[in-house]
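Trainee: I would like to learn how to read a helical model. Can we take the features one at a time?

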Amino acid sequence: MARILRQAILDGRLKPGQPLRERVLAEEIGISRTPIREALFILQGEGLVGLTPNRGATVRTITAADIAEIYALRSVLECHAAATAAERITEADLARLEDAHARLERIGDNGTGHEQADADLQLHGIITQAAGSQLLRTMIGQVHAFTVTYRSRYPYNAEQVHRANKQHREIIDALRDHDAPRAEMLMREHVNWSRGLAVENFGTPEQQPPSSSAR
């Protein structure tokens, strides 16, 4: 449920300042109010929704500064994950990373933004899992939920795909060498580069669905 509402907020179907009434959303989507309420708390934690006592929930206005900040948080968390993973990574983890990287290369610039973002998230998720910390996985999962939804709005072109895949390859090689400082540095460069593209694409016009509901 949080995924549906998150997508509706980030693609503009739910507008900044718009009230998010549990009953109305539940009727539109065709579910009970309980999962709606749970989703709103999740989205409040991600900074997409404001919850005010006695007034309910509203959509927050997302700014370019918000996008930059969420990527800055991602950089801190994922750099730590990469450094930790370099010390603990197994051959099974590396094999999964190679498969994930191959999937990204197959998708290339022919894939949609969603397909590219989903494959990218898979690769980064494997690195986080290899770090072996449930707390870190939870925290990065919250940040990824925001960034992957936003990232799905714009596909990378051929040059950007090539650069991202090259960066991923270098990170994987550093992990294979168990070189924690290099893995951390390369992850920082990669996420900071991604942040630049995310901010650059903020507010880019896109096709919007005709419905104003959260479906």
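This is a predicted model: local features need pLDDT of at least 70, side-chain atom pairs count only at pLDDT 80 or more; totals for chains, interfaces and linings use all residues.

Trainee: Let's start with packing. At what angle do the axes of H1 and H7 cross?

Mentor: Helix H1 covers residues 2-10 and helix H7 covers residues 134-151. Their axes come within 10 Å and cross at roughly 50°. That angle makes H1 oblique to H7. The crossing of H1 past H7 is right-handed.

Trainee: Which residues make the contact between H1 and H7?

Mentor: H1 supplies Arg6, Gln7 and Leu10. H7 supplies Ala145, Phe146, Thr149 and Tyr150. Sorted by class, the residues of this contact are four nonpolar, two polar and one charged.

Trainee: Now H6 and H7. Are they roughly parallel or roughly antiparallel?

Mentor: Read the angle before you name the arrangement. Helix H6 spans residues 113-131, and its axis comes within 10 Å of the H7 axis. The two cross at roughly 170°. Angles over 145 degrees count as roughly antiparallel, so H6 is roughly antiparallel to H7.

Trainee: Which residues of H6 and H7 make that contact?

Mentor: On the H6 side they are Gly113, Gln116, Ala117, Asp118, Leu121, His124, Thr128, Gln129 and Ala131. On the H7 side they are Leu136, Arg137, Ile140, His144, Val148 and Arg151. By class, this contact of H6 with H7 has six nonpolar, six polar and three charged residues.

Trainee: On to the core. Which residues of the largest nonpolar core touch the most other members?

Mentor: That core has 62 residues, and Leu97, Ile127 and Leu175 touch the most other members. Helix H4, residues 64-88, gives the most to this core, with ten residues.

Trainee: What does Ile127 touch?

Mentor: Set aside residues up to four places away in sequence. Ile127 then touches Ala81, Ala82, Ala85, Leu97, Ile171, Leu175 and Met187.

Trainee: How do I judge burial? Is Glu22 buried or exposed?

Mentor: Compare the relative accessible area with the cut-off. Buried means under 20%. Glu22 has 18% relative accessibility, so Glu22 counts as buried. This residue is in helix H2, residues 22-29. Beyond its neighbours within four places in sequence, Glu22 is in contact with Arg33, Ile36, Arg37 and Leu40.

Trainee: Where does Arg188 lie?

Mentor: Arg188 lies in helix H9, residues 180-200. With a relative accessible area of 35%, Arg188 is partly exposed. Leaving out residues up to four places away in sequence, Arg188 touches Ser75 and Cys79. Arg188 and Ala72 are 116 residues apart in sequence, yet their C-alpha atoms are 9.4 Å apart in space.

Trainee: Last, a backbone angle. What is the phi of His178?

Mentor: Most residues other than glycine have a negative phi. In His178, phi is near 55°, a positive value in a residue other than glycine. His178 sits in the loop between helix H8, residues 158-176, and H9. At 44% relative accessibility, His178 counts as partly exposed.

Terms used
Residues are numbered from 1 along each chain as its sequence is written. Side-chain values use heavy atoms; hydrogens and water are left out. Axes are lines fitted to C-alpha atoms, for helices over the stretch in contact, and angles run from 0 to 180 degrees between N-to-C directions. Helices (H or I, at least four residues) and strands (E, at least two) are DSSP runs, numbered from the N terminus. Angles under 35 degrees count as roughly parallel, over 145 as roughly antiparallel, 65 to 115 as roughly perpendicular and the rest as oblique. A crossing is left-handed if the near helix is turned anticlockwise from the far one by less than a right angle, and right-handed if clockwise. Contact means heavy atoms within 4.5 Å. Ala, Val, Leu, Ile, Met, Phe, Trp, Tyr, Cys and Pro count as nonpolar, Asp, Glu, Lys and Arg as charged, and the others, Gly among them, as polar. A nonpolar core is a set of buried Ala, Val, Leu, Ile, Met, Phe, Trp, Tyr and Cys residues joined through side-chain atoms within 4.5 Å. Buried means under 20% relative accessible area, exposed over 50%, partly exposed in between (1.4 Å probe, protein chains only).
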